[in-house]
Amino acid sequence: ETAFARLGMSMAEVEQIRRSDLKEAALMFLLLFVVGSAALYAIVSAQNAATVRQTLRTMQTYTQHVVNSMANGLISLNADGGIVTVNRQARLMFGLSPDEDVAGKPFAEMLTVHGLDLPAALRQNDMVREREVIGATAGMTLPLSLSASTLTGDAGERLGAVLLFRDLSEVRALQAQVERAE
């Protein structure tokens, strides 16, 4: 014959503890999921920001190399007429040393262009094309061809101007040689 012993233990309390543990486990899972997702988002964002910064540096360096490698002189001005950039060829044309810091200095005080009121021309038109002028600085003059255009922002506001200079010295020398030969 089999004998059974019955204990009078209520399972309600054990069930209540088990439900409480399940709620705590679910809450802990949710909390860890949120923290993990935030950490993953932060890591991905940091990587993207680093990639964007590196890409921007690469583009800036590339653009600077392109500007400095141009055969023509290039000067960019801000909206107030201050110099923002001067490429290598423009520095040679106007007798500026490579280490001379001209950023922010007024173009009109640093360099003189005879034969054209540049600010007035840019106010009247958005562009000046292949205008012959005489560039002067530090006691030297140089025949130049000037092309200029205004820089405008997305909203149409004037940001400044870009000036492109081509040295006409060799052309003038060849013209003089031809005239003497005739």
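**Close-up views of a predicted model**

Glu15 is partly exposed, with a relative accessible area of 30%. This and the other views below are taken from a predicted model.

**View A. Salt bridge between Glu15 and Arg18.** The closest N and O atoms of Glu15 and Arg18 are 3.1 Å apart. Both residues belong to helix 1 and are separated by three residues, about one turn of the helix. Arg18 is partly exposed, at a relative accessible area of 45%.

**View B. Salt bridge between Glu130 and Arg166.** Here the closest N and O atoms lie 2.7 Å apart. The pair links distant parts of the chain, with Glu130 in strand 4 (residues 127-137) and Arg166 in strand 6 (residues 158-167), 36 residues apart. Arg166 has a relative accessible area of 34% and is partly exposed.

**View C. Salt bridge between Arg172 and Glu132.** The N to O distance between these side chains is 2.1 Å. Arg172 is in helix 5 (residues 169-181) and Glu132 in strand 4, 40 residues apart. Arg172 counts as partly exposed at 26% relative accessibility, whereas Glu132 is exposed at 51%.

**View D. Surroundings of Asn87.** Asn87 sits in the loop between strand 2 (83-86) and helix 2 (88-93). Its relative accessible area is 0%, so Asn87 is buried. A polar atom of the Asn87 side chain lies 2.9 Å from the backbone nitrogen of Leu74. Residues touched by Asn87, leaving out those up to four places away in sequence, include Val67, Asn68, Met70 and Gly73.

**View E. Nonpolar surface patch.** Leu27, Phe29, Leu30, Phe33 and Val34 make a patch of about 560 Å². Val34 lies in helix 1 (residues 12-69) and is partly exposed, with a relative accessible area of 47%.

Conventions
Residues are numbered from 1 along each chain as its sequence is written. This is a predicted model: local features need pLDDT of at least 70, side-chain atom pairs count only at pLDDT 80 or more; totals for chains, interfaces and linings use all residues. Side-chain values use heavy atoms; hydrogens and water are left out. Patches are made of residues with over 30% relative accessible area and no salt bridge: like charges are joined within 9 Å, nonpolar side chains (Val, Leu, Ile, Met, Phe, Trp, Tyr) within 5 Å. Accessible areas come from the Shrake-Rupley method with a 1.4 Å probe; for residues, only the protein chains shown count as cover. A salt bridge is a side-chain nitrogen of Lys or Arg within 4 Å of a carboxyl oxygen of Asp or Glu. Helices (H or I, at least four residues) and strands (E, at least two) are DSSP runs, numbered from the N terminus. Buried means under 20% relative accessible area, exposed over 50%, partly exposed in between (1.4 Å probe, protein chains only). A polar contact is a pair of N or O atoms within 3.5 Å; within protein, one must be able to donate a hydrogen and the other to accept it, and residues adjacent in sequence count only if both atoms are side-chain atoms. Contact means heavy atoms within 4.5 Å.
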